[in-house]
Amino acid sequence: MKSYEEFACTIEFSDKGSVNMCSHWKIVYQGLIWPLATAYLKATRGSNNEDTRKKNLLVLFEFLASFNVIILISAIKNSSENIEEYDKLIEELWSLRVIKKGKSGNNIYDSKTWHRMSFGSWTTLYGNLSKIFKKYEFSTVMNKEFFENLANKKYKKLFNKLRNKERNSDAHSGFEDDIDVSLKLQELERYLDEDIFNILKLYSGLKLYYTTCENKAISPKKTEYKVFSLNGHCDPPMMSKIITDMKLKPKTLYLNDSLNNNFLELDCDLIRFNLIPNSKKWGIYIYDGIDTRKNVALYKCYYDDNMLEIPLKTDEDTFLRVSDEFLNQVLRIK
């Protein structure tokens, strides 16, 4: 049986409502965090139509590339005290031209390249991050080996191949017959089995939480937080409680290493957890660009095909700035 097919067994519900499943498939329900499990299941079980399945696989690949990049950027920002020459690091990461000095003395970058994100944009960032993680020594709050594996340059090469396949598919999507679609689907499924499966396995044992505003101290060092537990394929996500000696911010996404109970704060400017507009469902939204006409930042929910608009603000205390100052603010460390 192919590795990815181990995720795709039929589930059954007992009279008591519990889920019975084969042991291999539990990685989706128990071993994968919610956005990865949801995107994976849509790609592999979202439709019987081969053309739709092909498109869903390409969406999964782009989502996984963007999610990995955000995890790696978040790791850098959480270990910033050990990074020298921060301006140089920014330039290495975003590969952008410095256009002027800001009022505070920080460099301001030509961010128009990143006003609209694409699979290629995330792939470029992945390559830059691979170089940075190889060059610098980071003191991460979680398992260092996880980030080193995630930043492996082989994954940048993999996503670059898949990006090209998406581009070719878009260019010829109106002229593909059933045989072409079937052959391309088989090729993409091989990537899913041989390469993407290995990336998904890196996340096994990790958990994702979104903190609410409710918490209480239960000892001088430990705090109990009420959170959304974003783990497995649960829709809507479940409410639960966690206890930790780390100080967690409200309304923030955290990746959790359950072995040592360490938490990585995810960059709220690049990834958000929000209600889907006109719906009672929740979604993970990835930064997709800026609409300067509306003065909003755009976020995309890959597996529900929804967009979220967040108004941009220009004062010093807010999380986003317009135009060329945007990435300079996103990449702030302190």
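**Reading a helix and its surroundings**

Tutor: Let us begin with serine 74, which counts as buried at 1% relative accessibility; buried means under 20% relative accessible area, exposed over 50%, and partly exposed in between (1.4 Å probe, protein chains only). This is a predicted model, where local features need pLDDT of at least 70, side-chain atom pairs count only at pLDDT 80 or more, and totals for chains, interfaces and linings use all residues. Residues are numbered from 1 along each chain as its sequence is written, and side-chain values use heavy atoms, leaving out hydrogens and water.

Student: Where is the place of serine 74?

Tutor: Serine 74 sits in helix 3; helices (H or I, at least four residues) and strands (E, at least two) are DSSP runs, numbered from the N terminus.

Student: Which residues is serine 74 in contact with, leaving aside its neighbours within four places in sequence?

Tutor: Contact means heavy atoms within 4.5 Å. With those neighbours left aside, serine 74 is in contact with Leu264, Glu265, Leu266 and Asp267. The serine 74 side chain also reaches the backbone nitrogen of aspartate 267 at 3.0 Å.

Student: How many of the 29 residues of helix 3 are buried?

Tutor: The number is 22 of the 29, so helix 3 is largely enclosed by the rest of the structure.

Student: And where is proline 220 found?

Tutor: Proline 220 is in the loop between strand 5 (206–217) and strand 6 (223–229). Proline 220 is exposed, with a relative accessible area of 86%.

Methods
Polar contact = N/O pair within 3.5 Å; in protein donor to acceptor, adjacent residues only side chain to side chain.
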